[in-house]
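These are my notebook entries on a structure that I had not examined before. I looked up charged pairs and then nonpolar cores.

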Amino acid sequence: DSGSEQEKRFQKTVNDAMMEFDASTGQFYKGQLRSGQVLESETSIIILGDVNPGATVVSKGNVVVLGTLKGSIYVGAGGNENTFVAALSMDPMQIRIADYIARNSDSPEKKDKKKVLKKKDKSDEQPMIAYVDAGNIYIEPITKEVLADINI
């Protein structure tokens, strides 16, 4: 069956990439993060799975979620505001990039002095990237133009 052969090749490619990934620049995490779980990394991290509500990811580098991001995420934990979060489906409870914090507008927590996430495009069904620009956290669809414009 060609479908299972394609799946085997895909799995081999993912596994090979995971083995070659340099620990000094980043790491992979494979699996789903559930409520109450915390994943911390000194480097950038690629998550192969979902980050559920109540789960938290903290990284000194960037985070790419190959899945749905619904939990809380903190990138640039060392103070680097030139970091980003990207996800196939982006709907986090909270994003923190360096010292900037934004909460999801649907969050039941009170909106006091925190900035609300500014989505320039309301579509959640496409890969999105969150980054800091002029003191605000923006979430936009991942396009060549956005990647060229942001300072990462």
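Entry 1. With which residue does E42 form a salt bridge, and how far apart are the closest N and O atoms? I note that the model is a predicted one. I found that the partner of E42 is K60, with 3.0 Å between the closest N and O atoms.

Entry 2. I then looked up where the two partners lie in the chain. E42 sits in the loop between β2 (38–41) and β3, while K60 sits in the loop between β4 (56–59) and β5. The pair is 18 residues apart and links distant parts of the chain. E42 has a relative accessible area of 60% and is therefore exposed, being over the 50% cut-off. K60, at 41%, is partly exposed.

Entry 3. Besides the pair of E42 and K60, I recorded one between the side chains of R96 and D99, at 3.8 Å from N to O. R96 is partly exposed at 25% relative accessibility, whereas D99 is exposed at 62%.

Entry 4. I turned to the nonpolar cores. The largest has 23 residues, and I47, V57 and M90 have the most contacts inside it. The elements that give two or more residues to this core include β3 (44–48), β7 (85–90) and β12 (128–133). I also noted a second, separate core of seven residues, among them F84, I129, Y138 and V146. As general background, I recorded that nonpolar side chains tend to be buried together in soluble globular proteins.

Technical notes. Residues numbered from 1 in each chain as written. Predicted model: local features only at pLDDT ≥ 70, side-chain atom pairs only at ≥ 80, totals over all residues. Heavy atoms only, no water. Core = buried A, V, L, I, M, F, W, Y, C linked by side-chain atoms within 4.5 Å. Buried < 20%, exposed > 50% of the residue type's maximum accessible area, 1.4 Å probe, protein only. Helix = DSSP H or I, 4+ residues; strand = E, 2+ residues; numbered from the N terminus. Salt bridge = Lys/Arg side-chain N within 4 Å of Asp/Glu carboxyl O.
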